[in-house]
Amino acid sequence: MAIRDYIRERFFPHIWCPGCGHGMVLNGLLRAIEKIGLDKNEIVMVSGIGCSARIAGYVDFHTMHTIHGRALAFATGIKMSRPELKLIVPMGDGDALAIGGNHFIHAARRNMDMTAIVMNNRVYGMTGGQYSPLSGYGTMSTTSPYSNIDHAFDVVELSVAAGASFVGRTTTYHAKQMADILGQAIIHKGFSVVEIMSQCPTCFGRQNRLGSAIDMLEHFKENTTPIGSKAKQKNPDLIERGIFVQKKMPEYCSEYEKIIERAMVTVHHRDRRGHREYN
Amino acid sequence: MEEPKLKELVINRDWCKGCGICVHFCPKKVLELDDNEKAFAKRPEDCICCKLCEFRCPDLAIEIISSRGTARRAPTKGLLL
Amino acid sequence: MNENLKFIQGNEVCVEAALYTGLDFFAGYPITPSTEIMEHMAKRLPKIGGKFLQMEDEIASLCAIIGASLTGHKVMTATSGPGFSLMQEALGYAIVAEIPCVIVNVQRGGSSTGIPTHVGQGDVMQARWGTHGDHAIIVMTASNHQDVFAITVDAFNLAETYRTPVILLFDEVVGHMRERIFIPKKGEIPLVERLRASVKRGVDFHPYLPREDGRLPISDFGGVNRHNVTGLAHDMWGFPSDNPQVVHGLIRHLVDKIQNNTHKIAKYKEYYLQDARTILISYGSAARSALHVVENRRSRGEKLGLLELQTLWPFPYYLVQEKCADAKYVVVVEMNMGQILQAVKVSVDRPERVFLANRIDGVFITPTDIRNILRLIEGKGV
Ligand SMILES: Cc1ncc(C[n+]2csc(CCOP(=O)(O)OP(=O)(O)O)c2C)c(N)n1
Ligand code: SF4
Ligand code: SF4
Ligand code: SF4
Ligand SMILES: [Mg+2]
């Protein structure tokens, strides 16, 4: 299938600004899904609120555009009730880590099989450019007009600490790596996090004088490096790209199957002792 | 291995928003923006079918149709692509 | 002993009733005085292959059950005031996206953290208007365990019929009290199952185009029809739209499907209303004391009656008007500052004859409390 078969063409062109990185994430994600060969009926995409979240309307899967920050909680209910479905949860940086930060760490801890994608443009794009928990110290935004004194999370370190069993990072510039990491994250059995550094030329780019979308992509190219590269040793400020964690861990829905077995055995024992319990 | 050959470079003018990303990052400078700020293939004969333009377009507006099929068989390393 | 006869807490009755309807998914976060619902669910659900989740908070709990409902399951969550406050945004989402689910609020006393282990009925208006924007909502309650069972089953039936969240507004007294209950046999109470779309694979599917009767068949996530679900105003495909006509149509549909069916949704009980000169109107545990007063006075030949409301919203204005037409006094008995009182005053002619008998201190309103207030109203002094 061509990637066009995975989208709802009726709603294109999409609402994102010219050069917005979110469209590039959509592009890479579709390529990953096409490569794996998933059926459209087995995929559920759940998003929150933000420019990023609008991605759900454009893909021809079972899609749910929810409320700000809570996408992972909705996804948890869907996955738990139908474990055979593939859950993909794209979120903005504010969505995932400000208002949704608590759900994010708990989802990582539970290790339920789903793929969380953080479309990190370091800003609240949809509301017009306020700082996010990923903007970082010294950045400019409409709510940090004298420069930001909030420090940023490191999504990778946070996810690792919270217990995610797959953690990756890339940028929109690295389109092929993006599709590759997303594909591996989707295949991974457990909770996977992929941070994709994405450009918002309209807000973050303009406010921080980073130039056009093209300039911002050049910036991603120059300021990132593969994990463990020599370049990183020389210049510790470079941001590493690649897969940081990929490990086997008990998956939540599979573990719950054991709970069901245990509970049913309990019924059986009680039956024999004569204490009937109702199901 | 035989080099892929460009059969058609399709640009969806209704979807293209003229961001210029494809133009800037094309290794062969095949693409340009026209007067209406829409991408078009100025030098299709130079295209090496690397598909970087197709992969990076934020608006899903480019498709490279080459003699070796569509995106699925893009020449690349890595697990998936 | 009849094995369908039990002596249990109201919270457990609610669990029994939910399971009776075929519920197989629950998510929650502990909070007094509703926690027993969650604990019983944790024990019972895995035994029937159902799913139980303890989430990180009440927001996540409601979100999780909404998600599970979309895959075709009957779902529920349970909480009390503070948790119910947290749920308001997701509640609005379920209303707008038309996703069936049941939310239990076992009311505690007071606002904020209040008096967790004590009773109150202060969340009546929050249940009606807690989530932002124009909407309609179904809110049910009950005063004894047999009714808790019936009303809980009803809540699931209404959620499916109208594709909407339904709120069960119980209170601490009903939730914690132990009382006899007969669990009805399978099939004794009719159950409404989900109305599923019959559109074939590949046919253009309009998930938000209501049928002529106003009902919306649903297509489960994971099935052959893929569609978008959103809390934004949306068109018949479930795709965001700000077209004024589309938005207007959506709001009307959401409100009308419930308000226009008030007569079908409204459940109530009446005692001695026919010739009553004084009518008490009450609901939830407060109605127990009200009934006690009525029966007591009737035995002395006084013309008192009780209208016990089980559906609080949509409020049955017509019913209250009709029943109270000939009464000299109408006394609303509730454990708040007069939340249903307002609706009753709007319903009746001559609202100046409507009075409030209440308690707001976390202490259960007793028959004596009501009697004292009645004496004042009737001009007999204290
Ligand atoms: C509860 C709530 N608070 C605030 C908002 C307003 N709001 C909408 S999107 C957004 C931030 C979006 O930023 P991000 O998640 O980074 O996504 P982006 O738009 O940058 O892709 C906010 C604050 C909301 N919709 N809901
Ligand atoms: S405001 Fe920023 S994030 Fe939103 S669509 Fe425009 S470029 Fe993209
Ligand atoms: S990248 Fe896409 S949207 Fe941008 S100019 Fe090229 S074709 Fe147009
Ligand atoms: S396929 Fe490669 S060479 Fe050809 S136009 Fe696109 S970017 Fe340029
Ligand atoms: Mg953002």
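Domain bounds here come from an automatic or database domain assignment. With that in hand, chain A splits into domain 1 (3–248) and domain 2 (250–279), and the C-alpha centres of these two domains lie 39 Å apart. Bear in mind that this is a predicted model, where local features need pLDDT of at least 70 and side-chain atom pairs count only at pLDDT 80 or more, while totals for chains, interfaces and linings use all residues. As for bookkeeping, residues are numbered from 1 along each chain as its sequence is written, chains are lettered from A and ligands numbered from 1 in the order in which they are written, and side-chain values use heavy atoms, with hydrogens and water left out.

So where do the domains of chain A touch? Contact (heavy atoms within 4.5 Å) links 9 residues of domain 1 with 6 residues of domain 2. Together the two domains bury about 650 Å², with 70% of it on carbon and sulfur atoms; buried area is the accessible area (1.4 Å probe) that two parts lose on being put together, summed over both. On the domain 1 side, Met80(A), Arg110(A) and Asn111(A) lose the most area to domain 2, together 55% of what that side buries.

There's also 1 salt bridge between the domains, meaning a side-chain nitrogen of Lys or Arg within 4 Å of a carboxyl oxygen of Asp or Glu. A salt bridge joins the side chains of Glu251(A) and Lys189(A) (4.0 Å, N to O).

Now hop over to ligand 2. Its surroundings include Trp16(A), Cys17(A), His22(A) and Asn121(A), each with a heavy atom within 4 Å of the ligand.
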